[in-house]
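Me: I have a structure open and would like to learn how to read a few of its features. Where do we begin?

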Amino acid sequence: MFPKQEVVAMLLAGGQGSRLGVLTKKLAKPAVPFGGKYRIIDFPLSNCVNSGIEAVGILTQYQPLILNEYIGNGQPWDLDGMHSGVNCLSPYQAIKGADWYSGTANAIYQNINYIERYDPDYVVILSGDHIYKMDYNKMLEYHKEKNAACTIAVIDVPLEEASRFGILNTHEDGEIYEFDEKPEHPKSTNASMGIYIFSWKELRKYLTEDEVKEGSSHDFGKDVLPTMLAAGERMFAYPFEGYWKDVGTIDSLWEANMDLLDPNVTLDLKDIYSRNPMMPPHYVSPDANIQNSLVADGCNVEGDLEFSILFSGVTVGKGATINSSIIMPGAVIEEGASVQFAIVAENTVIGKNAKVGQRPEAVENRDDWGIAVIGENTVVADGAFVPANKMIDTDTEVAAE
């Protein structure tokens, strides 16, 4: 018998994250390293804990091994209770047959039994690929005050970027009267953050109806939310003010990491929790020069860093230079190598005097510039060159010309 929980959180973490390219070839997007000591999923998990939510279901599907291993029993986030805590929920075979999660709504539908064991009044639906801090309790209080069936968190975005998002058009009291998915000519700048609070009785009804609806893609944004709106359900937008970043692309992932080094960005990490490797303190050689960078435990730095982030266990050789780059766990940057405006994935070796990435001004056509990305377990040979905007696959070797 499970004790009743007022709120259950369901964290959608099964997406392939194809826009992150080689970084998610062997890894679920929420498990991608972030900020020197975290993984992306640490942010919604920590938000749940800090909001007092004790029952969290994580819906996994694509490449779940590392993510499941990382989450474990939930102890780092204090989500290891006997009758609550965190559970990884993958698709499973039922009597009537089953399939992969066919959409975000179908993923929740397949786990109705998990939700109902807690007999909740409300369900919070979260995404596993956003960087932000949020007190879901405040959003829940707003939901209750409005007597809403559904509340959607929104953030104000520049008008020129609004067409990239689902846009909510609302009355003055916040009630939603129209939802446009990536409109060509947006009527407002209220962008959906992909964070929803539902009253469970209403959500269960619409999930059940959507599951048997012919032609449905079983998606919240495309199917369930428009259906609820058309049925006249009370739906409200909850305005969020603070840092929020969808890190679903290489550029946005790089930018969000670099934001941690910007004193004008107000993303405080002091109550974001993670599972950290047990490694000795980092070592910085007297000859090293470090400017405005983050260096995690277990690093050995003998070269120069500027505006960069080193994850645990990174080695930087003598005379190596790293600028505006993200170096993920266990990577080795050998003597004399140069890494600029790049992301280097786990356990990769950048050989002596190799060059990875370029400054924007070094590229003749600015439109050809972009972040260079090196996949995990890759070796870039001594003296090799990987230009800007180049993505190197995992488990490969890059030879010198």
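**Loops, helices and a pocket**

Reply: Begin with Asp119, which sits in the loop between α4 and β6. Keep in mind that this is a predicted model.

Me: What is the phi of Asp119?

Reply: Asp119 is not a glycine, yet its phi is positive, at about 50°. With a relative accessible area of 48%, Asp119 is partly exposed. Asn377 is another residue other than glycine with a positive phi, near 55°. Asn377 lies in the loop between β28 (372-374) and β29 (379-380). Its relative accessible area is 32%, so Asn377 is partly exposed.

Me: How do I read a helix that has a buried side? Which residues of α5 are buried?

Reply: The general idea is that an α-helix has 3.6 residues a turn, so residues three or four places apart point the same way. In α5 (residues 136-145), the buried residues are Tyr136, Met139, Leu140, Tyr142 and His143. Viewed down the axis of α5, these fall within an arc of 160°, so they line one face of the helix. Lys138 and Glu145, on the other side of α5, are exposed.

Me: How far does α6 reach, and which of its residues are buried?

Reply: Helix α6 has twelve residues, 200-211, and spans 16 Å from its first C-alpha to its last. That is close to the 16 Å expected at 1.5 Å a residue. Trp200, Leu203, Tyr206, Leu207 and Asp210 are buried in α6. They are on the same side of α6 because they cover an arc of only 130° around the axis.

Me: What covers the buried residues of α6?

Reply: The cover includes α3, α4 (112-116), β6, β11 and α7.

Me: And pockets? How much space lies in the largest pocket, and which residues lie nearest its centre?

Reply: Rolling a probe the size of a water molecule over the atoms shows where empty space is left. Here the largest pocket holds about 1,600 Å³ of space. Its lining has 50 residues, and Arg19, Ser127, Asp129, His130 and Asp246 lie nearest the centre. Elements giving two or more residues to this lining include α3 (104-109), β6 (122-127), α7 (220-230) and α8 (250-259).

Me: Which element gives the most to the lining of the largest pocket?

Reply: The most comes from β11, with four residues.

Me: How does the lining divide by class?

Reply: Of the residues lining the largest pocket, 17 are nonpolar, 20 polar and 13 charged.

How values were computed:
Residues are numbered from 1 along each chain as its sequence is written. This is a predicted model: local features need pLDDT of at least 70, side-chain atom pairs count only at pLDDT 80 or more; totals for chains, interfaces and linings use all residues. Side-chain values use heavy atoms; hydrogens and water are left out. On a 1 Å grid over the protein atoms alone, a cavity is a set of points where a 1.4 Å probe fits but cannot get out, and a pocket is an open set with protein on both sides within 12 Å along at least five of seven lines; lining residues have an atom within 4 Å of a point. Grid points are joined across faces, edges and corners, and a volume is the space filled by probe spheres set on the points. Ala, Val, Leu, Ile, Met, Phe, Trp, Tyr, Cys and Pro count as nonpolar, Asp, Glu, Lys and Arg as charged, and the others, Gly among them, as polar. The expected span of a helix is 1.5 Å times one less than its number of residues. Buried means under 20% relative accessible area, exposed over 50%, partly exposed in between (1.4 Å probe, protein chains only). The arc is that of the directions from the helix axis to the C-beta atoms. Contact means heavy atoms within 4.5 Å.
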